[in-house]
Number of protein chains: 2
Amino acid sequence: MGVGQSIPRLDAFEKVTGTARYVEDMLPANTLHAKLLHSTFANGVIKAVNTDKAAALSGVELIVTCFDVPQTRFTTVAHPKALEPERAEIADRLMLTSRVRYYGDDIAVVVARNAHIAKKALKLIEVQYEEYPPLLTIKDAYESRDKPIHEEYPNNNQLAELCYYVQNNKLVTMEGDSVRSRNEETFRGATEDSGDAVWSDETYKVPVVQHAHLENISSFAYMEGRRVVIVTTTQSPHILRRVVSEATGFSVGDIRIIKPYIGGAFGNKQEVLYEPLLAFLTNKLGGRPVCMLLTREETFINSRVRHAMEIRMQCRVSALPGKESLGRAITIRSNKGSYASHGHAVPSHAITNTSHIYNGDFTIGESYSIFTNLPASAAMRGYGIPQVAFAVESNMDELAVKLDIDPLKLRKKFMMKPGFADPFDPTPCGSNKLEQCIDKGAELIGWDQKRVEYAKGNTGMLRRGVGMGIFAYKSCVYPLILENAGCRMILNQNGSLTMQVGATEIGQGSDTVLTQMASEVLRIPENKIHMVSEQDTDVAPYDPGSYASRQTYVTGSAVKKAAQQLRDRILTHAAAMSGLSVEQLSLGDEAVMADGKKRFTLEEVASHSLYNKKDSQYLITEVTHTCHSNAFSFGACFADVEVDVPLGKVMINQIVAVHDSGYIINPKLAKGQMHGGIAMGIGYALSEELLFDRVSGKPLNNNLLDYKIPGAMDIPPMQCLLVDDYEPTGPFGNKSLGEPPLIPTAPAIRNAVFFATGASIRKLPMTPQHLVESFMEHGLIPKIEH
Amino acid sequence: MGVGQSIPRLDAFEKVTGTARYVEDMLPANTLHAKLLHSTFANGVIKAVNTDKAAALSGVELIVTCFDVPQTRFTTVAHPKALEPERAEIADRLMLTSRVRYYGDDIAVVVARNAHIAKKALKLIEVQYEEYPPLLTIKDAYESRDKPIHEEYPNNNQLAELCYYVQNNKLVTMEGDSVRSRNEETFRGATEDSGDAVWSDETYKVPVVQHAHLENISSFAYMEGRRVVIVTTTQSPHILRRVVSEATGFSVGDIRIIKPYIGGAFGNKQEVLYEPLLAFLTNKLGGRPVCMLLTREETFINSRVRHAMEIRMQCRVSALPGKESLGRAITIRSNKGSYASHGHAVPSHAITNTSHIYNGDFTIGESYSIFTNLPASAAMRGYGIPQVAFAVESNMDELAVKLDIDPLKLRKKFMMKPGFADPFDPTPCGSNKLEQCIDKGAELIGWDQKRVEYAKGNTGMLRRGVGMGIFAYKSCVYPLILENAGCRMILNQNGSLTMQVGATEIGQGSDTVLTQMASEVLRIPENKIHMVSEQDTDVAPYDPGSYASRQTYVTGSAVKKAAQQLRDRILTHAAAMSGLSVEQLSLGDEAVMADGKKRFTLEEVASHSLYNKKDSQYLITEVTHTCHSNAFSFGACFADVEVDVPLGKVMINQIVAVHDSGYIINPKLAKGQMHGGIAMGIGYALSEELLFDRVSGKPLNNNLLDYKIPGAMDIPPMQCLLVDDYEPTGPFGNKSLGEPPLIPTAPAIRNAVFFATGASIRKLPMTPQHLVESFMEHGLIPKIEH
């Protein structure tokens, strides 16, 4: 009972027995099916759409084209509304578009009696269009300044930038030109090592990947009178409600969003996707239910992807004891894809993080978001940090080689230390056990021995290596964006508790840990606490939703506060029942205690409170908590690999991950998050890349057969540990955990391969093809002439 | 905007366009259908049930017999739990029974893939049973003291009694033997008129009738993990949850009751019906959804009916000016049917009301509930008063004839006057405009002229009459039973309001009037207020539900209180935004005002409150209101009829109803309630009676073809008026309205027939057959020898 226990997930039984209801389980009888007509080119404009033949097909109820939808542009990012207009999210989407910006863009939609008929009708639609040459790479888009992908932002196809210069961990400037000239001046002509310092200038590339959550993007909508109800796979029902209002003209109060069970999300369901279109369609259809169930192929392309990035690392570093210095210029060019979505927030998050994790003499950070004719990139687990961590952590190992020191030791010299103050944020960051994470991980993997032992044997075609990576990750979005969370609690008349939060369970286990927190304060066992897992915006407390690994930290504080208020109400009523003062009473296990003895059961108090005729009270509390703090979580990942050099094949023998996430509410669930994050990191390292035809931009592997995510057989033995820590700003000493485990995994594997082979891989994923090419470059195997 | 306006019903659009979702609209895909095996005899025991053949039928998923269900007896009445154990409701039901108590009792249930298969399977079940002679009348049941219908209450088949002696409007005793001997002494040998007083001793009979709500009894249940969800046609979701817990052993927190739109209820859906069985079935079926959709035939017999009663009226009355006296003994024998349900509450309510509406020198009240082998009787609109009003009001007109005075004037002499104090309840009763109701009604119907004019012409075969009836009806169940109500309000960020109450909209319009109340306090127009009409016990505030015409009175007070609290929160936040004090601010229409000018829109305040980073607050309030008052509503109904004597046919020319329901929140809806009540009263007067075979107890007309409820063509012109009044204990001066309009209608029609023909009808309904027999008795038409 309470925090710190590895109780089973609350929803384990439902999920295992199949009674958990997902969007597709809830389709009303006679739901119509909507299917999208996607563009078959990546850049251009639709001139005309002829739907006559399609409309004549029996069973087709409605066809809507890009010329029929409201021309109100809306944002698709689920962030709380900023009160300052200048901080508003970019609104660049229409429900359907005549300006095609990626291969698969949405031109029209057919609503039919079933999906089969709808698909048949799609083939009968005739489209006239004008095609432009697709701009698929950052370079192409940069260079085609006269051919804007978004005519409304004809800014050289660059959406935005964020630059800074931080010196001695103090922010000097964020003015772009000033930062760029500082970069220019500082490193002009810097090509050589000088004095005790080594110099490096390398560029790292990470690919487009996709969330590949188990459950595809699924929604349906219908009208209740003049109100529209949307049941959908969303991480952020309350924000979605506001955005649907902005997009459709329905007032916020006339929109009801329902979020049932969700089969994984990883940031992709933080997006507003087809909900506005569905609201528009059901309204046109007199309120009949309409569903949009994306296929896997559509989910890959028509929802969101992770930003591909090119990250240039210019570094001068000295590790000489007493003369340690680190000066870096880091430049991120981020492939925004076709729509703004989160705008520049992801590269911003990435570039600022580089000055957190290591802070030497100075960091010059530059980041740029470039529109291309690829699917839109947006939030995905780690929000830019996995990308930049690949560059920073790979670079760290390369510098260590140049400096001829252990990369673990090099990290320790420059990494964030306790007492660190974020130059971008005046709030102090409390707990930091990063060093303990590294030490424990090194011990478990046998770092020192293996670095010596493996180095000796690495001459043949099978080579072994150990590598590592570290990270620092915040626990919410304070102070950049509003951080708030609501919680409502009802003490039922039998002494059991019903809880509601606006925060969303999306598979990560938040309902379980939030329940444990309530249990901790109220001394009610978790099996007598019912968490209302489905958010219905009509009745759910407000919460921006599941993102930024914020829920145990921010929503947890709301839960704690609500539970404390409810405790006070319980004790106040028990005082009235007993004639004792509130101070003489306290909560015991399902009981109110006085003088160390059980005075009433909770059922007695709850029942009396509700049923007494004098002053009946249903014991309810509800709070909104505003968060005014943040906290870094930390961790180190170690990989032990074997590389088959001629085959370009990496076998992972072992992963060790050690995290500092503060006090752990549920150790087993925490490790589950680590397992999942590591698995996703393995995919990022070795196999995942969404490929597009280089000429047309057509997706080539948007399915789970051709796009390889790790399966159970691909996962090596994992040792996951959490060091003891207590974060003072966390409701129970806890801080973030959801996203981080992914971050250092790919760098650790990459560095292990680097150690094994000496080949400095600077591009993910490390597919056999890529590795073989790299090994040829590095002279490990003979080059094949093409 | 606000109270006193005839805004359209909130749900009019949904209901007219068919988007309102009722239970049957919500069945999940693949819902299994449960069908009941009903007994084909009225009294006896099941010896054995052979389900082998039925179980072998393809598509049959489960068969459960009376020998397979838990043997925990439960109550079926949805009343709040009394904290005092001695006040607990009678628990005499099992999910299925081997002791058959009425024709149609539930012996077994088949669950199958569809209803067709389930019905087929029912026919294959073989039942061995022992039959007892059915006890179908009060007399038979009384006399068969050795053959108890409920072996657990072998009390001469009498469930309970409530007796009292009230003298000069003071309660003297409620001790049964004492009351009975007082009756005996007072009226011993009283058979003659004496002095100025006339004497009368007559018995009146009212039949078994049924609610005949448009939507049959419908429910389905499924499991969410270990929790059971029941979607059902209930008036009282929260109480249902508790009773299902008591019946099934599921804990209260593990039960979720959902009440969607309801197509009429009239008290019948205040009963717990098949919800416990459905919970049991879905649990046995691994959580698969199971529905039970009663047919009309089943709804008639297997839900509940109105109590048939025999009411003896012994009266001695004098109307001589200055010597007015009224002494009465009223004895109710109530046909309980086969199960306790509301126990003795309905006859109790009826017998106490007789001393409210008229109070002269004394009233001796006796009431008895007798079990018979008929369907169980329970709550139905008026809760016993329509029955007793027929007796009391008919008797009043008969006394008036004996006294040779206008029955209107006789009523005025003895009816409840302003300042009346209920002898059973120390709470004072405030407003009373009964006299104005009578005067206004008399004026509208043309009472004085018609009484003279019609009397002259009433000699032929077509005769005309005017008659009247009056009533007094309370506004809730205080102080007998706990009266509480909850309300939660959310001010959305666009300044619109979302409201939740635990009280249930069942067609009566409560959602609309409660919304008007919120609008009144908060100055938000009703079209920007969204009432969550569906009660889900996981999230709904507590409320015992729709009964006793309590919602505008009790729940209205909760709404007012919540709105006032929300107003305070709004003004407090606006004060912080503006730097002004709360006292300087007030609410205007969708705005906060200062110095008589608009300072902020409500949207600005709501949005700032939610989105400000300093102290974000979702503007929510929630209250539980405990009611400590009660109030009588009043009304008079007048009927103008033409009687075709040889055909025994009554044509109603006009109905005039004038009510005092305090301040009227929505005049149009109020009149709608009056229209509906009058229509139901016409059915009660003229046609409705559920008939049973006198030997077997088999229902003879349990369908809407043979059981005649008035259709649109049967409804005469109705004039409905509401006198101006203001009830100080009502939240907005309002008091009850839902049930009352039914009460005086049948008496008014009966008295009009009496006036037209001189035939003192003492039994309802006044069908042609009954009238012809009566007219023969009275010599209006020649007797036919049988």
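Helices (H or I, at least four residues) and strands (E, at least two) are DSSP runs, numbered from the N terminus. In this numbering, A:Arg87 lies in the loop between strand 3 (60-65) and strand 4 (99-100) of chain A. This is a predicted model, in which local features need pLDDT of at least 70 and side-chain atom pairs count only at pLDDT 80 or more, while totals for chains, interfaces and linings use all residues. Residues are numbered from 1 along each chain as its sequence is written, chains are lettered from A and ligands numbered from 1 in the order in which they are written, and side-chain values use heavy atoms, with hydrogens and water left out.

A:Arg87 is partly exposed, with a relative accessible area of 40%; buried means under 20%, exposed over 50%, and partly exposed in between (1.4 Å probe, protein chains only). Not counting residues up to four places away in sequence, A:Arg87 touches A:Ala82 and A:Leu480, where contact means heavy atoms within 4.5 Å. By contrast, B:Asp406, in the loop between helix 10 (385-403) and helix 11 (407-414) of chain B, is buried, with a relative accessible area of 17%. Leaving aside neighbours within four places in sequence, B:Asp406 is in contact with B:Ala400, B:Trp447 and B:Asp448.

The table gives selected side-chain distances. A polar contact is a pair of N or O atoms within 3.5 Å; within protein, one must be able to donate a hydrogen and the other to accept it, and residues adjacent in sequence count only if both atoms are side-chain atoms. A salt bridge is a side-chain nitrogen of Lys or Arg within 4 Å of a carboxyl oxygen of Asp or Glu.

| Partners | Distance |
|---|---|
| B:Asp406 and B:Trp447 side chains, polar contact | 3.0 Å |
| B:Arg488 and A:Glu622 side chains, salt bridge | 2.8 Å, N to O |

**The interface**

Between chain A and chain B, 58 residues of chain A are in contact with 58 residues of chain B. The two chains bury about 5000 Å² between them, 51% of it on carbon and sulfur atoms; buried area is the accessible area (1.4 Å probe) that two parts lose on being put together, summed over both. The count between the chains is 2 salt bridges, and 32 residue pairs are in polar contact (both at pLDDT 80 or more). Elements giving two or more residues to the side of chain A that touches chain B include helix 6 (237-248), strand 18 (484-491) and strand 25 (619-626) of chain A.

**Symmetry**

Chain A can be laid on chain B with an RMSD of 0.0 Å by a turn of 180° and a shift of 0.0 Å along the axis, the copies being superposed by least squares on the C-alpha atoms of residues with pLDDT of at least 70 in both. The two copies are therefore related as by a two-fold rotation axis. Because 100% of the interface residues of chain A are also interface residues in chain B, the copies meet through the same surface.
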